[in-house]
Amino acid sequence: MTVCTAPVLVVGAGPSGITAALTLSRNNVPVRIIEKETQHRRSQRGAGIQPRTFEVFHFLHAPEIHERATPVLPIQRHSKGSLEPLRTFSMIDYMEPTPAIPYSNMKLMGQPTLESIVREHLAKLGCTVEAKVVKHRGDDGEEVEDDIEAAYLISADGAKGITRKQLELTFLGTTREDGFLALGDIPRGTDSSLQYWHIFGHMSHDLITLRPTDELGKDGWRFVMSSRTMHLEGLIRDEEALVNRIKDFVGFGDDFKVKEVMWTSEFRPNMRMVNKFGVGRIFVAGGTHLARARLSVHSPAGGQGLNSSVETRSIRFNIAWKIALVYKGFSPVSLLDTYTAERLPVIAEMLGYTTEMYKMIDDDGNSKGANSDLEPRLRRANNMYMLGVNYRSSPIVVDEFAPVPVAPVVAHGAYGEVEEGVLRAGDRAPDAPELVSIVNLNRLPPHFISSGAQLAVSLLSRMAGSTRMFDIFGSTHHTVIIFAPALAVSAIVPQELVKRVVVLPGSTSEPDNRLETSSGVDQAIDVEVLIDHAGHAYRGYIVDLQEMKVVVVRPDGVVGAVVRGVTGLERYFEGVFGKKGGMLTLEDVAQS
């Protein structure tokens with residue numbers, strides 16, 4: 001037996017595991033990822049990707065996921081055995097992108113495609129997926145099984161995996177035995193319309209949905225099947241009977257030919273969640289580990305894959321950047337406790353919400369009328385986009401601008417919607433494009449920004465083009481955004497952990513006189529100065545033009561702090577990095 005060491009071991013190479021591995025790899029933390037399946041998955045599985053998840057992959061430098069994902073098709077409802085549509089409607093309303101929300105709509109991408117893209121990024125960083133039983137050739141030529149010793153373990157092997165059971169985590173909730181579904185992927189055997197997501201039949205009797213996708217080869221269908229009149233378990237194991245059932249029920253006729261059934265599976269809706277997300281240095285990260293809420297939306301009427309489980313990609317993002325800081329010695333171990341503290345309220349609310357969605361959809365099946373209106377039951381509220389998911393109750397966020405609570409207090413939900421004109425510590429950080437970079441004060445002494453000072457060079461001669469907040473944020477660093485007409489900027493923490501930007505209001509059409517250098521301190525810093533040319537940053541971050549506000553954005557794109565100056569910044573960074581004698585301290589910051 002050979003013992004191998006690894007800073008972090010990730011168990012399970014589904015979306016949860018590979019996203020965690022990519023975050024760690026971006027942070028230069030060596031990681032090994034093992035998977036029990038020797039063959040790459042072919043099945044579509046959960047295909048719905050929400051806007052917040054696209055933001056996560058943007059921060060991880062994987063833009064292809066949004067670029068290659070496809071829009072959600074409108075739904076056509078049919079009677080059993082008829083290709084003539086009874087009604088056409090959309091499950092979601094299209095939302096125009098805004099400066100604050102560039103990824104504004106849910107899109108579809110099958111799990112194999114997503115995994116392939118992320119694996120390519122991992123490979124470029126020197127990380128590849130290994131077989132579950134890791135072996136190597138010994139001196140005698142025989143295969144020897146490895147023992148792996150890891151500083152941290154992230155388990156993404158699913159609710160049936162061994163990790164949750166060994167940690168003795170509870171998995172309380174309910175299972176709907178009457179909600180059995182058969183689902184799978186098949187090549188298209190007909191020229192039926194590819195522009196719609198088709199629903200045949202009615203949940204009160206039998207129902208089949210067909211979603212066209214080209215990810216299964218040249219063409220293909222993702223099908224989901226339910227029945228209240230027959231047992232479907234046998235169809236999963238009888239491909240011929242399964243194909244004939246689809247052909248006869250949909251009304252394709254004898255020209256419907258399927259060469260192979262690419263993948264089939266079955267499940268029952270489970271509404272369950274664990275009581276905590278980690279024990280010691282072992283953490284659970286998969287959607288089916290944390291909560292089976294996704295299955296509560298996997299009703300055939302709801303649409304396979306359009307579910308809240310995609311939010312778990314933000315979950316492994318949450319724990320991975322924290323492990324990176326702790327492993328490198330920058331943060332105390334107590335930072336890892338905030339994983340459960342931040343995520344538990346979100347998952348609990350998500351589970352409650354998606355359970356209610358399932359009940360509402362299931363009511364359609366229990367209704368006596370065969371023509372009950374399914375459309376309102378399928379439509380998705382904006383909170384499904386997860387842009388309002390927040391950690392306002394987190395023990396490490398700091399907000400000096402939050403209003404004083406007035407009884408009776410109405411708490412804002414952790415799984416809520418975006419509040420117009422409100423930005424609190426713990427919220428998602430908005431994007432802001434058209435920021436013009438006018439100067440980078442790299443390797444200059446600490447400097448002052450003031451309305452009456454003058455820089456020796458014209459700012460116009462130092463312009464470096466425009467950028468956006470989402471391109472400044474990253475999974476490897478905190479971002480300190482300084483909104484102020486007058487501010488002294490000094491070093492905070494080691495430079496590799498924090499990126500500093502000063503955002504000034506106004507136009508770049510004329511030279512600006514808002515910068516002054518000072519040689520009072522020798523400590524070199526790196527600060528980028530930006531002009532909010534279109535005003536998107538000041539509006540998105542709710543800043544008055546003459547107001548001083550400092551916003552700290554965490555590596556996961558969450559606002560960690562909204563403060564007025566040095567005291568608030570120190571409180572926040574002490575919560576994340578602890579009190580360290582070797583850490584650079586803040587000098588006097590606010591000068592107005």
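**Entry 1**

I began with R554, which counts as buried at 1% relative accessibility. For this I used the cut-offs buried under 20% relative accessible area, exposed over 50%, and partly exposed in between, with a 1.4 Å probe and protein chains only. The model is predicted, so I took local features at pLDDT of at least 70 and side-chain atom pairs only at pLDDT 80 or more, while totals for chains, interfaces and linings use all residues. Residues are numbered from 1 along each chain as its sequence is written, and side-chain values use heavy atoms, with hydrogens and water left out.

I then looked up the partner of R554. The side chains of R554 and E342 meet in a salt bridge, 2.7 Å from N to O; the term stands for a side-chain nitrogen of Lys or Arg within 4 Å of a carboxyl oxygen of Asp or Glu. This pair links distant parts of the chain, with E342 in helix α10 and R554 in the loop between β31 (549–553) and β32 (559–563), 212 residues apart. Helices (H or I, at least four residues) and strands (E, at least two) are DSSP runs, numbered from the N terminus. E342 is buried as well, with a relative accessible area of 2%.

**Entry 2: the other salt bridges**

How many salt bridges does the structure hold? I found 11.

E342 forms a salt bridge with K322 too, where the closest N and O atoms are 2.8 Å apart. E342 lies in helix α10 (residues 338–366) and K322 in helix α9 (residues 312–327), so this pair ties together parts that are 20 residues apart in sequence. Both E342 and K322 are buried.

D427 pairs with R392 in a salt bridge, the closest N and O atoms being 2.7 Å apart. D427 sits in the loop between β22 (415–416) and β23 (435–440), and R392 in the loop between β20 (388–389) and β21 (398–399), so the pair ties together parts that are 35 residues apart in sequence. D427 is buried at a relative accessible area of 8%, whereas R392 counts as partly exposed at 26%.

**Entry 3: strand β32**

V551 has V562 in β32 as its bridge partner. The hairpin of β31 and β32 has five residues between the strands, and G557 there takes a positive phi near 80 degrees.

β21 also pairs with β32, in the parallel sense and over two bridges. The bridge partner of V398 in β32 is A561.

**Entry 4: a three-stranded sheet**

I looked up an open sheet of three strands, ordered β3-β7-β4 with antiparallel pairing. β3 (48–49) and β4 (70–71) stand at the edges with a single partner strand each, so one side of each is left without a neighbour in the sheet. β3 and β7 (residues 107–108) are joined over two bridges, and I49 has K107 in β7 as its bridge partner.

**Entry 5: I65 and the cores**

Which residues does I65 touch, not counting residues up to four places away in sequence? I listed I49, F54, F57, M109, L114, I117 and V118, with contact taken as heavy atoms within 4.5 Å. I65 is found in helix α3 (residues 64–68) and is buried, with a relative accessible area of 0%. The C-alpha atoms of I65 and L114 are separated by 6.6 Å, although the two residues are 49 apart along the chain.

A nonpolar core is here a set of buried Ala, Val, Leu, Ile, Met, Phe, Trp, Tyr and Cys residues joined through side-chain atoms within 4.5 Å. In the largest one, of 107 residues, I65, M469, I481, V503 and Y541 touch the most other members. The largest share of this core, eight residues, comes from α9. A second, separate core of 21 residues includes W221, M225, I236 and V261.

**Entry 6: the whole chain**

The protein chain has 14 helices and 32 strands. Of its 592 residues, 57% count as buried. Among contacts between residues at least 6 apart in sequence, 77% join residues at least 24 apart. The chain exposes about 24800 Å², of which carbon and sulfur atoms supply 49%; these areas come from the Shrake-Rupley method with a 1.4 Å probe, and for residues only the protein chains shown count as cover.

Terms used:
Two strands pair if DSSP finds at least two bridges between them.
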